Amino acid sequence: MEESNWKLVYNGFDPSEEGLREALCTLGNGYMGVRGAAYESAANKIHYPGTYLASGYNKVATHIEGKTIYNEDLVNFPNWIPITFKIGDGEWFSPSRSKIRFYRQELDMRKGALIRRMRFQNRKGQKTSVEAVRIVSMDNPHIGAIKYIITPENYSDWITVKTMIDGAVINSGVERYRQLNSKHLIPSALGNFSVNGMYLSMKTTQSKIHVAEAARTCVFVSGRQKKLKVKHQSRGRETIEQVFKVFAAQGEPVDIEKVVSICTSKDEGARDPVALVIDMVKDAGRFEDLYNTHIEAWDVLWKGFDIQIELDHFSQKALRLHMFHLLQTASPHMSNFDAGLPARGIHGEAYRGHVFWDSIYAMAFYDLHMPDISKALLLYRYRRLHQARKYAKKNGFRGAMFPWQSASTGEEETQVVHLNPLSAEWGLDYSRNQRHVSLAIAYNVWQYYIRTADEEFLGGYGAEILLSIAQFFASLVYFDSKDEKYHTQGVMGPDEFHEKYPGEDTPGLRDNAYTNLMIAWLLLRAKDVIAALGERDKRRIFRRVGLKPHDLELWDDIVCKMNVVINQEGIIAQFDGYFDLKELNWEKYKERYESIERLDRILKAEGKSPDEYKISKQADVLMLFYLLPLYEIKTLFKKLGYHLDKDILNRNYKYYIKRTSHGSTLSKVVHCYIAHILGKPKEAWRWFGEVMESDIFDVQGGTTFEGIHAGVMGGSIDILVRGFAGIDVSKNRIRVIPKIPRRWNRIKLRINYKGYWISFSVTNKQVTVFIQGGREEFFPVPLEINSKLYSILCGKRHRFPIKT
């Protein structure tokens, strides 16, 4: 990787690393994601092309282990990027089968372009340079385009070019899913239009999504468009090709432009997807025109979202890579369609493209820069609120219980059985008991509201979501007259290793601390939401949710009597009974296994159970201290009758860090932030380095190939803004307490708060603030620096020295 902070550059063709490169070089625009695979190869052991559409799911059945199970996948739609060629009567060109003289692949994040330059030599000694530029338009989400340039270096000859749309694709990008049914598409229609156009349409087998793709191919030599004799041919009903010949003179580039349009029957106004994509691609214009409007769209995004770090090239590059992929996964186009934030982006097939709780790490990125994206993601949840109510009722609860894994309908999509790749055995999957996903949704609603002051959203959607979730958790808890406390049972925390108690068949745990404390926090915020509503909205929402005065009285009682297990040393038990579990010999397992991040799989392969041990996959108790400021948690503990201070947090950090394997990249985000607030700069920096390396270096050994980790990418940005820059945004003020790493000189960033753009330039000695936008002369809330409140005049630069 080179020093340009806007580019991810790979020199040399390395088949063993191609899968990682394909994921990291994915291009997308929120609607469509296209893996950075080679143009000249179909899926094989080296390459895995993939085209994914937001909320483009399909459910199929598989017979396994004597059961019929159903899995809903984000579908790998027809591959539109294939282009290859042959010289004379030679072989079709493929990088993996050729003698490569030079190879360079470059992801330009500023422009949103994938650029590949290479030179190869065939058996006849003919040398050819090939340059390709690919975009997935951020200006028009239905358009993709390729410029593919072939230049003979030491010969002149006829070149035969083949370009296609390949619908004979399956979902096979995740090895552990390959025993499952992966065929999602059936052919619908194919054909050609005009001299140089072709189209293909397919349908998903169960969801009946009709997808259509149209391509227009043009060739230019010396700036002049060549008239082509194009042969259109099909392979069955799933693939259509264009084949044509062009004479290539030595040293004279042959420019091939392929412009593609994609839409589905789910898109607004797409009654006839085939006719729509044909018209769209005819009107699309030349590659350069599309490239320029695409760059302009990215330029607008970067002006609002970019964060600058002085003196640390790697952190700057990795941070921009994270922002780039988050913007490709959820873009301004989200308001035009119905989709959530998949945990692994639209970059691959891991987790089947499902929506989990990971947005809790990423929503601040959207809230503080382009809240319309956040609103679209929250509306995805609102549109499935009725299904969450059904799910709660089915399980004997009131309110709305959202599924651990969500896809198209909002039904529970968590798998029933899960493959352990170490033992090759299928086991029952209990992860659907992670009820805290609903807490994450409520948290996101509240944070969006306090950052945007969007009263219309709160009254129209947000309050109903949050109050329905509060109603669910109030019905989930139960009161025990023996200790006069409220308890929870049958739940799993974020840890995921612990599914049930040792020796018991019934899944779930009692009094998971994170769940219990967040329930208490939620019920407090529910009262705040009610207070913020106008009387008309309040009456309407109470009727829809079915809230009564006695519900609010119950909430008040729960907030004061929720049970949390804490020992005499101040250690918060991850759940009731945690302290009774066995300790693991960590050194023994570190010596025996190269990686112990997934201790659950290791122990199960040994015939043991992670339920027996004091081990955690990721932060569980500590998660609370990542989400909420310490002063807010102290208030919460006081209401519950417990004492909390920074010393107790430090003891819990030390206790759990020794017992956590960090089998999730999210764990390192939490530990980094907590080390930072505890005043452990060396530890925080070490954790931050691992967070930044998570995907770019694929630290989990092959998982990034299957899709990026949206949560850790969002978490890295959150650490920088909320941790290092020290910008804490609340409803009534913005507090700035910078503690930037010693290796950095300065952080520059902008945030959008309640419609105002605030530019920060932060060092450990000074904070510079410039506020613009809004209608008021003064910024509506005070800025707190050095424990002093300041009223800020808009349109003027303010400098504040920082006391150390």
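Modeller: Happy to! One definition to begin with: two strands are said to pair if DSSP finds at least two bridges between them. Keep in mind too that this is a predicted model.

Colleague: Another hairpin, please! How many residues lie between the strands in the one of β5 and β6?

Modeller: That hairpin has 2 residues between its strands, and Glu-65 takes a positive phi near 55 degrees. Strand β5 (residues 57-64) and strand β6 (residues 67-74) run antiparallel and are joined by 8 bridges. Asn-58, for instance, stands opposite Asp-73 in β6.

Colleague: What about β2, β3 and β4, in which sense do they pair?

Modeller: They pair in the antiparallel sense, as an open sheet of 3 strands in the order β2-β3-β4. The edges are β2 (27-28) and β4 (51-53); each has a single partner strand, so one side of each has no neighbour in the sheet. β2 pairs with β3 (residues 32-34) over 2 bridges, and Leu-27 has Val-34 in β3 as its bridge partner.

Colleague: Where does His-47 sit?

Modeller: His-47 is in the loop between β3 and β4.

Colleague: Is His-47 buried or exposed?

Modeller: Buried: the cut-off is under 20% relative accessible area, and His-47 is at 1% relative accessibility. Setting aside residues up to four places away in sequence, His-47 touches Phe-13, Glu-18, Glu-22, Ala-38, Ser-41, Ala-42 and Ser-96.

Colleague: New topic, the core. Which residues have the most contacts inside the largest nonpolar core?

Modeller: Those are Tyr-148 and Trp-357, in a core of 252 residues. Helix α10 (residues 513-532) gives the largest share of this core, 13 residues. There is also a second, separate core of 10 residues, with Phe-497, Trp-586, Tyr-589 and Ile-596 among them. As a general point, nonpolar side chains tend to be buried together in soluble globular proteins.

Colleague: What does Tyr-148 touch?

Modeller: Beyond residues up to four places away in sequence, the list for Tyr-148 includes Tyr-39, Ile-83, Phe-85, Phe-93, Arg-116 and Val-254.

Colleague: Now helices. At what angle do α9 and α12 pack?

Modeller: About 65 degrees, with the axes of α9 (residues 455-476) and α12 (residues 549-561) 11 Å apart. The crossing of these two helices is left-handed.

Colleague: Which residues of α9 and α12 meet?

Modeller: From α9 come Leu-467, Ala-470, Gln-471 and Ala-474, and from α12 come Leu-554, Trp-555 and Ile-558. Sorted by type, the contact has 6 nonpolar residues, 1 polar and no charged.

Colleague: Last one: is Val-767 buried or exposed?

Modeller: Val-767 counts as buried, at 0% relative accessibility. Val-767 is in strand β29 (residues 766-773). Ile-747 is 20 residues apart from Val-767 along the chain, and their C-alpha atoms are separated by 9.8 Å. Apart from neighbours within four places in sequence, the contacts of Val-767 include Val-736, Pro-738, Phe-760, Ile-785 and Phe-800.

Colleague: Great, thanks!

Definitions and conventions
Residues numbered from 1 in each chain as written. Predicted model: local features only at pLDDT ≥ 70, side-chain atom pairs only at ≥ 80, totals over all residues. Heavy atoms only, no water. Core = buried A, V, L, I, M, F, W, Y, C linked by side-chain atoms within 4.5 Å. Buried < 20%, exposed > 50% of the residue type's maximum accessible area, 1.4 Å probe, protein only. Helix = DSSP H or I, 4+ residues; strand = E, 2+ residues; numbered from the N terminus. Contact = heavy atoms within 4.5 Å. Axes fitted to C-alpha atoms, helices over the stretch in contact; angles between N-to-C directions. Left-handed = near helix turned anticlockwise from the far one by under 90°. Nonpolar A, V, L, I, M, F, W, Y, C, P; charged D, E, K, R; others polar.
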